[in-house]
Structures are given as C-alpha cells and as structure tokens.
Amino acid sequence: MRVDFGKLLYGGDYNPDQWLEYPDILKEDIRLMKKAHINVVSLGIFAWSKLEPEEGVYDFDWMEEIIDRLYQNGISVILATPSGARPHWLADKYPEVLRVTEDRRRNIFGLRHNHCYTSPVYREKVRQLNSKLAERFDHHPGVILWHISNEYGEECHCPLCQQAFRDWVQKKYKTIDEVNRKWNTSFWSHDYQSFDQIESPSSLGESSIHGLYLDWRRFVSSQTIDFCRNEIRALRDAGGTKPVTTNMMYNYPIINYHEMAKELDIISWDTYPTWHKGPDRLIAMDNGMQHDIMRTLKKAPYMLMESCPGATNWQSVSKLKRPGMLEAASLQAIAHGSESVLYFQIRKGRGGFEKFHGAVIDHYGKDDERTYLECCEVGSDLERLSELQGSVVKSDVAVVYDWENRWALENAAGPRNKNLYYKETVEKNYYAFRKQGLNVDVIDMTQSLDEYRIVAAPMLYMFRAGFAEKVRRFVENGGTFILTYWSGVVDENDLTVLGGTPGELMDVMGLRSTEIDALYDGETNRLIPAEACSRSDVFADAGLQGAYACEHLCQLVNVSTARPLFVYGEDFYKGTPALTVNDFGRGRAYYVCADAEQKFYDDIYAAITREAGIERPFETAVPDGVEVTARSGADGEYIFIQNFNSRPVAFDAESVKGELIFAHSADITGPGEYTFTDKFENVLAPYATIVLKR
C-alpha cells in the first residue's frame, strides 16, 4: 500500500482523555494547534481505560466528539490501538497477561508495556477492542492512519512464552538431535533429550549456549511482530482500510525492525537525541543514521512519529533546546525522507510520570511561551516546504547494520567482552560517506545490494541470508565492497566457520584472517601507508596523512591475491597488512583490518568514492558539522544544507548549482531574545538550514 497524505504532516500525540473534565481547555487547544499550523494529531494511544472502563463496556462517544471537532478545524487524526498500556481490571481478572522476568518472577500491575505478547487472553482482549475501534472510526474522513500500539518492546519468560518458544524451536529444527547439533550443546555436556527441557536463557540457569541465546532473541522478535500482525488483522477483519504504522525506537535491539517493516504500510519512529550533551555535530550524525535506518527499512518515505519540542523528563538531564535547535532537528527529519514532524506531546499532562515532558502547549497554556513560538515557526516552515512531499532519498552507497549480527556479537564471549563497538564502527563508515555530502542507505543482510555502487559491511561477524553470495555477485558485476575486521567468523547459528575466515569470501577479499589482537583500553597501534599505496590508482593523489591511529581490535591476515595498502606500525605484527584491496571480476574488495580512527575512514572512503565515480553535490569540502542531504522529486532535486555546530560556519552556496528556495535560522541577540531570519550570505548560522533546488 503506497501511503500519500498529500502534505507534510505536523502535530503530535494528543491526550484529551486526560482533560475531559476541562472543556474550555480542549476548546483552547484547537485554537492553539491551528495557530501553530498543526494539521494532524495521534489520538488514543494510552486511552484503553477510557474506551473500555469495564470489561465489555465501551465508551467511544467522547472520542468521536474529539475527532469530529478536530476534523472540522482542519486537523486529521492518526488513531491508535491502545494495547501499550492495559487497564487495571484486565490485569486483576487475568493475571496471565502480566509479564514474567528472566529470573521467573511475575510482575504486578503497573507501568506500561507490562504484558505478555503470547497470552491468548491479552490477544483476544486487544482483538475485541481493535475491532470495535475499526468498526466505529475507520471510515471517518478525519482518520488518515492507524497507529498500532506504542513502542513495542521487551520480553516475557512466563510458562506460556516458554511453551511458545519450544514450539517455535521444534518448528524450526524438527528434531531434538538437530537442535543439539545446531546449538553445539555437547559443550559442557548440555545436550537436550526432549523439547520439553528447553527454556529461555536466564541468569538462574542456561546462559552458555550461544545458539539458544540467538534463537531466543529471534523468537522474542518474531513473537512481538506476530502480536502486531494480529492487531492489524483485527482492524482488517472488522473492515478497516486505512494504512497502518507503529512507532519504532532509536537503535532498539529487541525487535528486528527489518522483519517488522514487512507488516506495516509506512515506517515511523521516535527520536529523542540528547542535544547539547556533547558536540551537536556528532549527535546530529548519529540521529541522521537512525533516520536513514528507518527510511531504508522500506526504501520509501517514512514518518517522524515522536520528538520533543522542549526538554524531556526521563533522560538523566532535562536539557533545554537552544534557539533554532528544534527547527534544525525537525528539518533534519524532512531532509532524510520523513513526511512528518510530530511531537510528544501536544499538551503537557497535569500529573503522572510525563507531566514535565516537553510539549507544544505548556501548563501555562498561553501562546507567548518560547517553545510554543518555535513550534509555530516549524509549522509555518513545513508549509513553505510542502512541495517536497512525495520526494524520495536515493543512495549510491549503503552500509550494513544487521540486527541478528548485533545479537550474536554481543553474546560472542570474545575477543572483547566489554565494548566491541559494533555500532560505533558502523557509524565511522556511515560518517565517512556522509561527510562527502552523500546519501547513505543503512541495510541489513537480507536486502539486495544490486542498486548500489559501494557497500560497506563493518564487523559482519555473522554471515546469513545468503549474504556472501550477494557480495560475490555484487563485486563480480563491478561493485566496490568494503569489509572490516572480525567478519565472516560464524554462521547463522553462531557456529564458527571451518576452513578459514571470512568464510565464503576469502577469494573475493584475496586473504585469510589468521588472528585478532584485542587491545586494552588506552592501548593503540598505527596504520601507515605501504609501498603499494603510493602506486595505487585510487590513493596516489589522495593526500593521505602519514599514519592513522587504531585501537580496540587489530586483525592479522595472510594475503593471497590482495595487495596491502596500509600496514601496522607497531607490535610483533608490525609491517603486516592493515588495509588491503583485491580485484575480483569487474569490481574491487577492500578489507579494513583494524578499528581505525575516523580520519582514516574519511580519507580512504573519499578516495574510494572518487574512484567509483560517484557524483557529490559539490566538489568543495563539506565543513565539519554541516550535514548535506538530497531528496529527489518529479520537479527536481532538493539539497538540504544544515549547520549542526553551535557556531557560524562559512559556506559557499554558489558551489552548489541550484536555486535557493529556503533559508532559516535563529538570530540570537541575547538570553531569551531572538527572532527567526531568512537571511543567508554564505555563512550558516548555528543550527541554520538552507534548501537548494536543482
């Protein structure tokens, strides 16, 4: 189902169920939302107790009145299924719906997401409520999208889940002998005699079988996705036709979002960066990668479902956003392909855990509050940029970041049992391409490589989903592939590869990995150019610096057909290969042997990108902390240039051919005194954004 709202969406989570006793406030909310250019709200996310105050007793009239009023004022509704937080009566009557922790203790009622995704009772109660909601509201003209639950996550170890896991394992492996073989249970004499003996990993019991751990992670993800699938089926069986989404989370490890994406019509996610905690340029790059992960799940426009217009209340420090930061963060989402900027929340709650969480409308309730005024500005600017709606982000470059590989790495027991830095290594690869102004897809091993010209696969410890064969075909056909240390070590069951690593790609890479040296924290080595580097057609004129630092992990390799471009500068493996290249078919395969510093990736990848002939938006260097992203539409290409530094940055916009259609920043004159300006004179103010069209 292709989702097209015909406009950029702007708004956020609205909880009128918390304010039903204050009709004047609900009326004022409409006025304030319209003034802020809000055109959509998410409704009913945690409203189960108001929608079904007693078992089988439904009250939808208040919701219909709210939806009618919003629609009459030009505000659409994303309607939620409220399964993220169950009412008290449900837990009291059916205690099986409450989760059991890994140490086999059942929770009592409280919090949210404290429910078992396996429980037949919980599934049935959710199905009943979802069906009623679909029957009542799916065809309302004000409802444009279904929001399925809220931030699915965590796991349950109850008896129901244990049996479901045993059934899942039996369906996958058929026989207990096959389980023992694939999990290598003969280690420590942990063979199973029957499926009834299998239990989830626990600190009280089995935690040494890596295959068990990996399959438990797969089961938890699969069971959560199945629960989501059943929620959607309830809507469809009741006649629901509107598209569906669910809000995903930042770098969330529990659910394989690539698998969940298959159940959804449009991807959405919640972003809460800790702006100003460190250099905002680094926080922006990290947040940008998460945007690209979400966009790449379907390789289509997606939605920013939640962000915070002010300070959060749940992070360790509730830091205010500096003037202009909200605008910059919001437009970053649009630059990376989002069709929306939505907040949690529209109005601050009066009590409960999130009463101090930032919102469009403060407890003060007036329209002259600083955050509210910035929200008005963002809404106005999204209307100015409405022509971008429907345009897409296209990438020649991809970086692999795989959920199942992450699960396996984190439980591998070596070569570093603390801080393998998988995500950080992926980020170094991603950043190096983004610093050249290139769009980057962030894919997993199940996705195709054929549409890219360069693919980087950092720390791909596990090869699965036929990935090695995809790489072979990709390089043979002329692609450039980059693999790093600690890759191709195990198969999909976390069993080590026999006969040499990186497994099936040894000939493609032209080498065999032999040993890996784990460095203590603070210990470093150096990467220095080899003689072949100066003769390389790729690196001869790259202006590489004399040496680059590396830390954490150093892979030792024996080359066959590969050529060493860099070698180690220290330790007993001084002079051995640290970066290699191998010609294979019509393409090239590079192997990065060590956890090198960011500058190494920046310089090397710039040279590789030039060699691959990938066009950059402009030839001049992108200033540090400036992010460049492109969206392509029927009427042309839109280039976003954003300064995520807290200082002005000189930028020659004339070096980018195109028409300046948008420029915006905060002109700060003093504490609490600032205005927004459209001025741009080749200097990007802090948190400024310009958009060029060509």
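**Close-up views of a predicted model**

**View 1. Gln 223 sits in helix H8 (residues 210–237).** Helices here are DSSP runs of H or I with at least four residues, strands are runs of E with at least two, and both are numbered from the N terminus. This is a predicted model, in which local features need pLDDT of at least 70, side-chain atom pairs count only at pLDDT 80 or more, and totals for chains, interfaces and linings use all residues. Residues are numbered from 1 along each chain as its sequence is written, and side-chain values use heavy atoms, with hydrogens and water left out. Gln 223 is buried, at 15% relative accessible area. (Buried means under 20% relative accessible area, exposed over 50%, partly exposed in between, with a 1.4 Å probe and protein chains only.) Setting aside neighbours within four places in sequence, Gln 223 contacts Tyr 117, Thr 118, Arg 123 and Ala 164. Contact means heavy atoms within 4.5 Å.

**View 2. Helix H11 (residues 325–335) crosses helix H12 (residues 370–384) at roughly 30°, with the axes coming within 10 Å.** H11 is therefore roughly parallel to H12. Axes are lines fitted to C-alpha atoms, for helices over the stretch in contact, and angles run from 0 to 180 degrees between N-to-C directions. Angles under 35 degrees count as roughly parallel, over 145 as roughly antiparallel, 65 to 115 as roughly perpendicular, and the rest as oblique. The crossing of H11 and H12 is right-handed. (Right-handed means that the near helix is turned clockwise from the far one by less than a right angle; anticlockwise is left-handed.) From H11 come Leu 326, Glu 327, Ser 330, Leu 331 and Ile 334; they meet Glu 374, Cys 375, Glu 377, Val 378, Asp 381 and Leu 382 of H12. By class, this contact has 6 nonpolar, 1 polar and 4 charged residues. Ala, Val, Leu, Ile, Met, Phe, Trp, Tyr, Cys and Pro count as nonpolar, Asp, Glu, Lys and Arg as charged, and the others, Gly among them, as polar.

**View 3. Helix H3 (residues 61–72) and helix H5 (residues 120–137) cross at roughly 40°, their axes coming within 12 Å.** H3 and H5 are therefore oblique to each other. Their crossing is right-handed. Asp 61, Met 63, Glu 64 and Ile 67 of H3 make the contact with Leu 133, Arg 136 and Phe 137 of H5. By class, the H3 contact with H5 has 4 nonpolar, no polar and 3 charged residues.

**View 4. The loop between helix H13 (403–410) and helix H14 (422–434) holds Pro 415.** A cis peptide bond joins Gly 414 to Pro 415, with omega about -5°. Ala 413 is found in the loop between H13 and H14. Ala 413 is not a glycine, yet its phi is positive, about 60°. At 63% relative accessibility, Ala 413 is exposed.

**View 5. Pro 502 lies in the loop between strand S13 (480–484) and helix H16 (506–509).** The peptide bond from Thr 501 to Pro 502 is cis, with omega near 10°. Trp 486 is found in the loop between S13 and H16. Trp 486 has a positive phi of about 55°, although it is not a glycine. Trp 486 counts as buried, at 14% relative accessibility.

**View 6. Gly 522 lies in the loop between strand S14 (511–518) and strand S15 (524–529).** Gly 522 is exposed, at 75% relative accessibility. Gly 522 and His 552 are 30 residues apart in sequence; C-alpha to C-alpha, they are 8.5 Å apart in space.
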